[in-house]
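Please keep the model open while you follow the conversation.

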Amino acid sequence: MRPYFEKMPEFGQPLSERQLTSSAESYEEIKAVEQALAAEVARVQEAGLPAKKINDRGQMTVWQRLEYLVDPGTWCPLHTIFDPADNDYGTTGIIDGLAKIQGKWAVVVGFDNKVMAGAWIAGQSENMLRVTDLSKRLNVPLVWIVNCSGVDLPNQELVYPDRRGGGTTFFRHAELQKLGVPILAAIYGTNPAGGGYQSISPTILLAHKDANMAVGGGGIVSGMSPKGYFDEEGCEALIEATRKFKEVAPGRVEIHHGATGFFRHVYETEQGVLDGVKDYMRKLPAYDPSFFRVAEPKTPKFDPDEVNRLVPFNQKRTYSFPEVLARLVDGSEHLEFKPDFGPDIYCGLVKVDGFLCGVIANNQGFLPKGYPEYADYPGIGGKLYRRGLIKMNEFVTLCGRDRVPIIWFQDTSGIDVGDTAEKAELLGLGQSLIYSIEQTDVPQMLVVLRKGTAAAHYVMGGPTANNHNAFTLGVPTTEIYVMHGETAAAASYARRLVKEKDAGKPLGPIMEKMNELVKKYYDKSRPLYCAKHGYVDEVVSLPDVRKYMQAFAGSAYQNPKSMCAQHQMILPRIIKG
Amino acid sequence: MIELRAPLSGKVWKLECKQGDQVQQDDPVVILEAMKMETELFAPAAGVVQEIRVKEGDAVEEDAVLLVIA
């Protein structure tokens with residue numbers, strides 16, 4: 001298949017002088033979002049105790065452990081500012097991302113030992129769910145840096161119970177092992193109760209010499225007050241019991257290495273434990289990248305930084321999606337699928353680090369005359385019409401057949417509406433796309449390039465509506481909402497305006513409410529808001545999208561559960577015709 | 001003489017050229033606001049903008065001539 005893939009048609013044009021000057025304001029607005037994001041990331045990195053305090057205790061922080069563990073330049077953080085419970089700490093207390101260790105991709109996650117000694121805190125279990133899902137979807141190892149003091153006791157009701165509560169990690173670790181995904185754990189410090197199960201549930205347990213893990217900690221061993229309340233006598237008894245257990249925390253190395261042997265290895269130094277993880281990573285199965293590559297990796301012909309000049313911050317301004325894509329894929333080359341059918345949608349095969357990936361995106365701007373073919377009104381890019389939906393269904397199905405991972409780019413204002421559109425079957429075709437995606441069983445990632453709106457945000461590979469989304473990225477231009485705030489305000493208050501007008505009342509109070517709603521929609525759809533609440537798994541700069549595409553493609557092809565011989569692929573032949 | 005026509009009904013949001021300007025093919029010359037989006041319209045050929053038949057804020061019908069390039 002070398003003639004298909006080695007050199008695919010190039011696309012894209014160099015930026016013009018005019019584009020450089022006319023994008024200046026938009027560029028600054030994008031940079032302002034990046035700065036706000038950097039401040040948030042710094043806040044999370046500095047959460048809890050100062051690093052010096054941890055280091056003075058002879059321990060490394062989670063950030064130092066991660067830096068030591070992962071291959072330089074491969075760290076792709078996820079969920080950095082995720083804090084869905086809006087807890088007191090401003091973080092979920094775990095740090096995670098995709099990274100290479102000893103040349104192999106893994107999902108890496110560590111307890112932030114600066115924050116409540118790595119406690120289970122509100123919102124953390126949602127983050128853990130995403131982490132285990134990511135490993136499952138990409139079929140790559142999960143590597144834990146465990147240092148977990150157990151449940152944040154004063155807030156236990158927000159942490160411990162519920163269908164998606166803290167304990168689900170343990171069964172998810174069991175599920176991953178059932179699926180053949182190994183979980184490695186580097187274990188540090190005191191890990192009682194929840195921390196004990198965080199430690200015991202992985203596949204290989206590698207412990208620091210001072211680590212311990214147990215069903216319960218010293219405090220729990222001390223027991224309940226037999227009186228049902230605490231008085232001075234009860235407190236004195238508790239003090240005595242605590243002093244005793246403080247000195248001998250249960251589940252130390254002598255127990256779980258010496259007696260049970262649960263700790264596979266014990267290391268004298270903090271770095272030694274991480275060296276142990278690296279050693280086990282070397283033992284795990286992974287295809288050499290050359291097994292699946294369709295060509296040698298190439299950088300894009302155009303600088304990825306130019307994407308900052310192409311995607312307008314002003315949501316009303318249009319742009320060319322293929323020009324954006326040309327700056328993100330190997331050699332700025334592609335094989336476009338059915339460019340003349342369903343012009344609202346771009347579908348094409350591209351190479352990312354030499355790996356074949358499918359790309360699906362919304363084209364922007366005016367669509368050719370006569371499209372959509374079922375209506376007497378014109379079409380505009382960003383909307384989904386009949387043939388675009390059919391094309392996506394076909395392309396997704398063929399990617400599934402050829403085992404090609406899919407990268408989605410959304411900038412959509414929704415599916416076409418009205419009786420004409422209903423007659424054209426759009427409701428059914430949108431749902432068909434969800435069905436088609438579900439049939440593929442190939443990993444997918446999503447970039448919400450600008451608008452993720454209405455059901456189109458679901459059907460175009462959105463995390464809400466499929467099992468195959470590994471992660472979703474936001475960028476400085478991302479907005480996610482059910483509809484634009486102005487549309488929502490009109491829908492909510494139009495009748496009320498008529499009523500007030502007919503009654504001769506002033507419109508001011510209604511207008512105020514409408515404008516409040518518009519502002520609320522705006523504030524609650526911004527990139528940082530989306531990241532905090534988990535609508536996206538991370539916000540990254542526009543040029544960094546390529547780095548995440550590389551992590552995604554490398555992970556997806558590292559150890560896939562199924563494959564298609566390149567010479568048995570049908571999609572490139574259909575494109576060639 | 002080559003005419004630039006509105007691809008669909010909308011409002012002239014911005015004129016990016018003025019009468020007498022020398023333009024190259026594919027230079028943006030008009031921004032049309034239609035269907036809630038501001039879309040650039042490009043010069044269909046190189047030449048001099050001989051006549052501009054609309055002004056900013058004008059509502060235009062589909063196929064209306066916006067400007068003429070000679």
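This is a predicted model: local features need pLDDT of at least 70, side-chain atom pairs count only at pLDDT 80 or more; totals for chains, interfaces and linings use all residues.

Q: Which two residues does a cis peptide bond join, and where is the proline found?
A: The angle to read is omega, and for the bond that joins Tyr371(A) and Pro372(A) omega is about 5°, which is a cis peptide bond. Pro372(A) itself is found in the loop that runs between strand E12 (355–362) and strand E13 (383–384) of chain A.

Q: Which residue has a positive phi of about 55° although it is not a glycine, and how exposed is that residue?
A: That residue is Gln102(A), and its place is in the loop between strand E2 (94–101) and strand E3 (104–111) of chain A. To judge exposure we look at the relative accessible area, where a value over 50% counts as exposed and one under 20% as buried; Gln102(A) has 31%, so it is partly exposed.

Q: Where does Asp162(A) lie, and is Asp162(A) buried or exposed?
A: Asp162(A) also has a positive phi, near 100°, and is a residue other than glycine. Asp162(A) lies in the loop between helix H7 (156–159) and helix H8 (168–178) of chain A, and because its relative accessibility is 67%, Asp162(A) counts as exposed.

Q: At what angle do H6(A) and H8(A) pack?
A: Helix H6 (residues 124–138) of chain A packs against H8(A) at an angle of about 0°, and their axes are 10 Å apart. Angles under 35 degrees count as roughly parallel, and therefore H6(A) and H8(A) are roughly parallel to each other. Among the residues that make the contact are Met128(A) and Leu129(A) of H6(A), together with Arg172(A) and Leu176(A) of H8(A). Sorted by class, the contact has three nonpolar, four polar and four charged residues.

Q: How many residues does each chain bring to the contact between chain B and chain A, and how much area do the two chains bury?
A: Chain B brings 17 residues and chain A brings 16 residues. Between them the chains bury about 1,400 Å², with 58% of it on carbon and sulfur atoms. Met35(B), Met37(B) and Glu38(B) supply 40% of the area that chain B buries against chain A, more than any other three residues.

Q: How many salt bridges are counted between chain B and chain A?
A: The count is four salt bridges. Glu40(B) forms a salt bridge with Arg317(A), and the closest N and O atoms are 3.6 Å apart.

Terms used. Residues are numbered from 1 along each chain as its sequence is written. Chains are lettered from A and ligands numbered from 1 in the order in which they are written. Side-chain values use heavy atoms; hydrogens and water are left out. Helices (H or I, at least four residues) and strands (E, at least two) are DSSP runs, numbered from the N terminus. Buried means under 20% relative accessible area, exposed over 50%, partly exposed in between (1.4 Å probe, protein chains only). Axes are lines fitted to C-alpha atoms, for helices over the stretch in contact, and angles run from 0 to 180 degrees between N-to-C directions. Angles under 35 degrees count as roughly parallel, over 145 as roughly antiparallel, 65 to 115 as roughly perpendicular and the rest as oblique. Contact means heavy atoms within 4.5 Å. Ala, Val, Leu, Ile, Met, Phe, Trp, Tyr, Cys and Pro count as nonpolar, Asp, Glu, Lys and Arg as charged, and the others, Gly among them, as polar. Buried area is the accessible area (1.4 Å probe) that two parts lose on being put together, summed over both. A salt bridge is a side-chain nitrogen of Lys or Arg within 4 Å of a carboxyl oxygen of Asp or Glu.
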